[in-house]
Protein chains: 2
Amino acid sequence: MKVLALAGGVGGAKLCLGLARVLGADDLRIVVNTGDDEEFYGLHVSPDLDTVMYTLAGMSNPDTGWGIAGESFATLHSLGRLGMDTWFGLGDQDMATHIVRSQMLRQGKTLSEVTSRLCLSLDIAHPVAPMTDDRVRTTVVTDRGPMPFQTYFVKMRCEPVVTELRFEGAQSAAMSPALRQSLDSSDMLIVCPSNPYLSIAPMLAVPRARAAIESFAGVKIAVSPIVGGQALRGPAAKLLSELGEDVSCVGVARQYVGLCDVFVIDQIDAHLSPDIRALGMRPLVTNTVMETEADKIELARRILDATIDA
Amino acid sequence: MKVLALAGGVGGAKLCLGLARVLGADDLRIVVNTGDDEEFYGLHVSPDLDTVMYTLAGMSNPDTGWGIAGESFATLHSLGRLGMDTWFGLGDQDMATHIVRSQMLRQGKTLSEVTSRLCLSLDIAHPVAPMTDDRVRTTVVTDRGPMPFQTYFVKMRCEPVVTELRFEGAQSAAMSPALRQSLDSSDMLIVCPSNPYLSIAPMLAVPRARAAIESFAGVKIAVSPIVGGQALRGPAAKLLSELGEDVSCVGVARQYVGLCDVFVIDQIDAHLSPDIRALGMRPLVTNTVMETEADKIELARRILDATIDA
């Protein structure tokens, strides 16, 4: 069975690791959000791609879920001394990724090619690709004005009230070869427990991506990042509330109407199963909180066993 | 008295520190070789400028004379993991300099502007500038073929036998504003104890620089980097030998005929004073070995006290 996983953020990366432990390299393709990419000091940073890569490579910081374990910050400190903004905390090891990526992009390589090369160097067996090789940037429109995603997310710690999300460049972007081909040829599509507005919506904003998912021939499964009315991490709950949506797995599911056959919710939300069904999806109730690697593998197995009609 | 110092390498930086301790910021301008600049990972590295800056800022590694004290190498190690060459040992703190420089150059700033900005951030009072804002690269022609300077110097540890030096781009380069203006307006020109072939010759290869030095109105003083027939550091002695020159301060002085009124040699070479005089220069005999800061200041004072006719 060929599986395509769409991911962004730490929750997405965790499930990808579980999937990668269960599926061979030929049977899993991971496509990642790039709406939160940003340039710092002229270096191209792809936080979601990096989180997936570092997680699959076993390098990620277990405390944060992003960044690299045992990271140091000597370069960042020196950049500060040279008058640079340092609110985006790039570590020394992480910096190497951005340096190599930036050099290759300047040499004319696509982000897909760069990502493949980085994965090869990090001994990551499963293919990882960006959603697009074109420039898409999430702008968060807030009560304090519009701002680039990382400014909202890291510098402002998600404090501004969000009124709208814009995915600049998405309309003229093309799906990456990996996304396009996987949507054509996979048997199962998994929308990881990522932020629907920040990680998945940028992908849907790329022309033809939404339609290709809607007409996807195989099983389509999404996993709620909201458990018991709370986000496991990040601003998903706050965003649902600010954008007028239910702060629950049902609110998430509503974002995926037409895009999803099976919707995975946590045991704690089992009582909301009828609401999921009312949206035209089959609820799959299981433990979705991934603390250990065993949790990730178990969730991956439950998802892979799913069929449209239980 | 307005002083222009031409420098490259560790010996040059040491004398610059001595001069900076004696002269006010308005009275000293330091112009530095850029022939050994190189791009690594798409980052513009200016080793001679950095050595001068780090020395003046009190940041330099006291053991090596180049690089930054207490440096770590986490980014370099990660670059190696990503398949990059790492024979040029860029440290984490140093990396910040190259990141900022590269970003500013890509934004259209000149290397002179970038250098001024870096000096400002590092609280360096005395103006430091590159010899040119244009691209000049030293190619070392050897028995193993021509190679970029840093390949010869760092990767090959100066082992190949040198037959010729080429300064690619020099013929179409222009003197930096600082070099041009200082040659017009200074009272004293000091050629620091730098490698004549690798640090000073690139400057002389820039059109009109040699003529401007020859016709310089003030006192012109050069300091030998060769003491007792040996280079205090680096390949100066090996180069003199391979290029058919005397391996002595006299061999160095011969490179500066017409460019220098006073030639500073070490006490140990006092017996060579007649040979210096025979080249049309007045020998100034003093201690030129700069181990302590007091040594650097003392040598600076001896030089600044010099006049053409003793």
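**View 1. Chains A and B meet through the same surface.** In this predicted model, 100% of the interface residues of chain B are also interface residues in chain A, so the two copies use the same surface to meet. The contact itself joins 24 residues of chain B to 24 residues of chain A. On the chain B side, helices H3 (74-81), H4 and H5 each put in at least two residues. H4(B) gives the largest share of that side, with ten residues. Sorted by class, the side of chain B that touches chain A has eleven nonpolar, ten polar and three charged residues.

View 2

**View 3. Helices H4 and H5 of chain B pack against each other.** Here H4(B) covers residues 92-106 and H5(B) covers residues 111-121. The crossing of H4(B) and H5(B) is right-handed. From H4(B) come Thr97(B), Val100(B), Arg101(B), Met104(B) and Leu105(B), and they meet Leu111(B), Val114(B), Arg117(B) and Leu118(B) from H5(B). By class, that makes six nonpolar, one polar and two charged residues in the contact of H4(B) with H5(B).

**View 4. Helix H8 of chain A is mostly covered.** H8(A) runs over residues 196-204, and seven of its nine residues are buried. Which residues of H8(A) are buried? They are Pro196(A), Tyr197(A), Leu198(A), Ser199(A) and Ile200(A), together with Pro202(A) and Met203(A).

**View 5. Ile303(A) sits in helix H13 of chain A.** That helix spans residues 293-304. Is Ile303(A) buried or exposed? Ile303(A) has 26 other C-beta atoms within 10 Å, and 20 or more is enough to count as buried, so Ile303(A) is buried. Setting aside neighbours within four places in sequence, Ile303(A) is in contact with Ile190(A), Ile221(A), Val223(A) and Val264(A). Take Ile190(A), one of these partners: Ile190(A) and Ile303(A) are 113 residues apart along the chain, yet 8.2 Å separates their C-alpha atoms.

Definitions and conventions:
Residues are numbered from 1 along each chain as its sequence is written. Chains are lettered from A and ligands numbered from 1 in the order in which they are written. This is a predicted model: local features need pLDDT of at least 70, side-chain atom pairs count only at pLDDT 80 or more; totals for chains, interfaces and linings use all residues. Two residues are in contact if their C-beta atoms, placed from the backbone, lie within 7 Å. Axes are lines fitted to C-alpha atoms, for helices over the stretch in contact, and angles run from 0 to 180 degrees between N-to-C directions. Helices (H or I, at least four residues) and strands (E, at least two) are DSSP runs, numbered from the N terminus. A crossing is left-handed if the near helix is turned anticlockwise from the far one by less than a right angle, and right-handed if clockwise. Ala, Val, Leu, Ile, Met, Phe, Trp, Tyr, Cys and Pro count as nonpolar, Asp, Glu, Lys and Arg as charged, and the others, Gly among them, as polar. A residue is buried if 20 or more other C-beta atoms lie within 10 Å of its own, exposed if 12 or fewer, and partly exposed in between; C-beta atoms are placed from the backbone.
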